[in-house]
Amino acid sequence: MQQVSDKLGSTIKAARNERHLTQKQLAERLSITPHYLMSIENKQQIPSCDLLFRIVRELELSADDIFYPEYEENRPAIEKLKRYLSRCDEKDVNVIVAILQSLLENKSAIE
C-alpha cells in the first residue's frame, strides 16, 4: 500500500494550483508559513491532524484523496470531477445526476 505521505504533497499542490492559489496565499489562509507549506508539498513534512483538517477543508479535498490514494491512481479525471462536485449545491448535483443517468441509459441502449 502506498504511504499517505507519498501522495499527500502532490494532492495538496494539485488542488492549490487548480484553485489558482500561490503557496503564500494558501499559507496565509492556513496561518502557516509558505516555507512550511512548500515542505509539505515536497514530501519533507507531514502536517499535524489539525492542519491536515484545515487543508482538506480549505481546498475542498475529499478525505479519500488523502487516506486512500490508491483508489484514484491513474484516474485524474475522477479526482477533478469530485472536486467540482464539492463546489455544487444540491440543485446542481441533481442536474448532474440526471445527465449521467441519461448518458448511461443511452450507452446501455446502444450496446
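User: What should I know about the model, and how many helices does the protein chain have?
Analyst: Residues are numbered from 1 along each chain as its sequence is written, and side-chain values use heavy atoms, leaving out hydrogens and water. The model is predicted, so local features need pLDDT of at least 70 and side-chain atom pairs count only at pLDDT 80 or more, while totals for chains, interfaces and linings use all residues. Helices are DSSP runs of H or I with at least four residues, and strands are E runs of at least two, numbered from the N terminus. The protein chain has zero strands, and its helix count is seven.

User: How are α2 and α3 oriented to each other?
Analyst: Axes are lines fitted to C-alpha atoms, for helices over the stretch in contact, and angles run from 0 to 180 degrees between N-to-C directions. Angles under 35 degrees count as roughly parallel, over 145 as roughly antiparallel, 65 to 115 as roughly perpendicular and the rest as oblique. The α2 and α3 axes are 8 Å apart, at an angle of about 105°. That makes the pair roughly perpendicular.

User: And what is the angle between α2 and α4?
Analyst: Helix α4 covers residues 49-58, and its axis lies 10 Å from that of α2. The two helices are therefore oblique to each other. Their packing angle is about 120°.

User: Which residues of α4 meet α2?
Analyst: From α2, the residues taking part are L26, R29 and L30. Their partners in α4 are L51, R54, I55 and E58.

User: Which residues of α3 are buried?
Analyst: Helix α3 spans residues 34-41. Just after α3, K43 adopts a positive phi of about 65°. Within the helix, the buried residues are L37, S39, I40 and E41.

Terms used. Contact = heavy atoms within 4.5 Å. Buried < 20%, exposed > 50% of the residue type's maximum accessible area, 1.4 Å probe, protein only.
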